[in-house]
Amino acid sequence: MPITLTDAQIKSYNENGYLVVENVLSGEKLAELRRETEAVIAGASAVTANDDVYDLEDSHTPSNPRVRRIKNPFEHFRYFEGLARDPDILTPLVSLLGPDIRFYGGKMNMKSAGYGAPVEWHQDWAFYPHTNDDVLATGILLDDCDESNGPLMVMPGTHKGPTYDHHHEGHFCGAMNPAMTSLDYSKAVPLTGKAGSMTIHHVRLVHGSAMNTSNRQRRLLLWEYAAADAWPLVGPKTPAAEYDSRIVLGRPPAQIRVREAPVRMPYPPAPHQGSIYENQKDTGRRFFDTFEDRQREAG
Ligand SMILES: O=C(O)CCC(=O)C(=O)O
């Protein structure tokens, strides 16, 4: 049975900007997600450079495939297209977004054991502001996730605060400058849980994640959803004519809803356009250690 959020969970989401919901996918459904993911990853052995599907670690070679992200899996693979519409994922969102929900986009982020790359602090809103902020991202955990394999980390309550600058030297870089905010990052909460759990974070919530230092991988399927009457200000990521095909629950809206929220546009674009990993290459002010930093420190 799909899960409906409790009043306490809804209150907590509204106050803190995040939730972890347990047992959203289990048994054969979780096994199928893992199988389908592994089949896509196996395809990376034929690839030498980033393309429309694969974002590769710098150390990737076809004989030793290292995939950092599967880009837009719903566009390339029928199974993932169906999963974006799965009632087990959508039902808990109804109390947060309303009965009409549009799928905005998604990706699978992989953090391989021992070197999986960090993601610098950012707000998704800086990448894709909408006419209102009833927008969120869900994260299905494919693997048990604890503090050592690079969980998503969130800064509670920041979804009610400012939109931070995500630019560096005049270009969007998809990362905040941690030194330029008064946030106390020691208060970050790791979103840990068993495989099959689903994280939910508000589009304005500050979040990031550290390198995976464990000997276990951490795969996270991130799906982004919006209230159907929130219209993206950046794009179009999806051609307007196809937009209603992305309504995954309920109906397209008769009108778009505009509600005030602090917006910064992600322009001019990052010199390294592509995934967040590519964008953040230009940040020049890292918070999280990378594998290369650790190697340098080890001499
Ligand atoms: O994979 C992660 O740990 C964080 C990913 C993320 O925040 C993003 O891709 O926007």
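Trainee: How do the residues of the shell around the ligand divide into nonpolar, polar and charged?

Mentor: This is a predicted model, in which local features need pLDDT of at least 70 and side-chain atom pairs count only at pLDDT 80 or more, while totals for chains, interfaces and linings use all residues. Residues are numbered from 1 along each chain as its sequence is written. The ligand is surrounded by residues including Asp124, Leu152, His207 and Ser209, where a residue is near a molecule if its C-beta atom, placed from the backbone, lies within 6 Å of it. With Ala, Val, Leu, Ile, Met, Phe, Trp, Tyr, Cys and Pro counted as nonpolar, Asp, Glu, Lys and Arg as charged, and the others, Gly among them, as polar, the shell divides into 5 nonpolar, 3 polar and 1 charged.

Trainee: Which residue in β12 stands opposite Leu152?

Mentor: Strands are DSSP runs (E, at least two residues) numbered from the N terminus, and two of them pair if DSSP finds at least two bridges between them. Strands β7 (residues 152-154) and β12 (residues 207-209) pair in the antiparallel sense over 3 bridges, and the residue of β12 opposite Leu152 is Ser209.

Trainee: Which strands stand at the edges of the open sheet of 4 strands?

Mentor: The order in this open sheet is β5-β12-β7-β10, with antiparallel pairing. Each edge strand has a single partner, so one side of each is left without a neighbour in the sheet; these strands are β5 (119-122) and β10 (189-190).
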